[in-house]
Amino acid sequence: MAEPWWTIIGLGEDGPAGLSPASHAALAAGKVIFGGPRHLKLLGVQGHEWPLPFSVTPLLAHRGKKVVALASGDLVNPDFARLAGRVALVTGGGLTWRW
């Protein structure tokens, strides 16, 4: 199995204080970060805002780099499963989940 190239990090209302050590490590290792404006500001990181309407195309343009995708709330939510599924179908996988 190939080394995962992108990680989804679930970000709760408690912000960075609620992230696990694995999430902090993935965020620190990320070369490209995607998230909503609120997520990027909350974490104090520079990154790419998700496009409106939503698309995974910008994320796919960075395939092979260490990409972090910031998301709200519970990663078991069907919206996250759809996001992961779309990218996994196009790329053949390469995903890790952190929360």
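Q: Among contacts in the chain between residues at least 6 apart in sequence, what percentage join residues at least 24 apart?
A: The share is 71%. A contact here means heavy atoms within 4.5 Å. The structure is a predicted model, in which local features need pLDDT of at least 70 and side-chain atom pairs count only at pLDDT 80 or more, while totals for chains, interfaces and linings use all residues. Residues are numbered from 1 along each chain as its sequence is written, and side-chain values use heavy atoms, with hydrogens and water left out.

Q: What makes up the chain, and in which order do its elements run?
A: The chain has four helices and five strands. From the N terminus on, the order is β-α-β-α-β-α-β-α-β. Helices (H or I, at least four residues) and strands (E, at least two) are DSSP runs, numbered from the N terminus.

Q: Why is strand 1 called largely enclosed by the rest of the structure?
A: Buried means under 20% relative accessible area, exposed means over 50%, and partly exposed lies in between (1.4 Å probe, protein chains only). Six of the six residues of strand 1 are buried, so the strand is largely enclosed. Trp6, Ile8 and Gly10 point one way, Thr7, Ile9 and Leu11 point the other way, and all are buried. For the chain of 99 residues, 40% count as buried.

Q: How do you know that strand 1 and strand 4 pair?
A: Two strands pair if DSSP finds at least two bridges between them. Strand 1 and strand 4 have six bridges, in the parallel sense. In strand 4, Ala69 is the bridge partner of Ile8.

Q: What makes Arg38 and Glu13 a salt bridge?
A: The rule asks for a side-chain nitrogen of Lys or Arg within 4 Å of a carboxyl oxygen of Asp or Glu. For Arg38 and Glu13 the N to O distance is 4.0 Å, and the pair counts as a salt bridge. Arg38 is in helix 2 (residues 37-43) and Glu13 is in the loop between strand 1 (6-11) and helix 1 (21-29), so the pair links distant parts of the chain, 25 residues apart. By this rule the count comes to one salt bridge.

Q: How do you know whether His62 is buried or exposed?
A: His62 has a relative accessible area of 17%, so His62 is buried. His62 is found in the loop between helix 3 and strand 4 (67-72). Leaving aside neighbours within four places in sequence, His62 is in contact with Trp5, Val32, Phe34, His48 and Val67.
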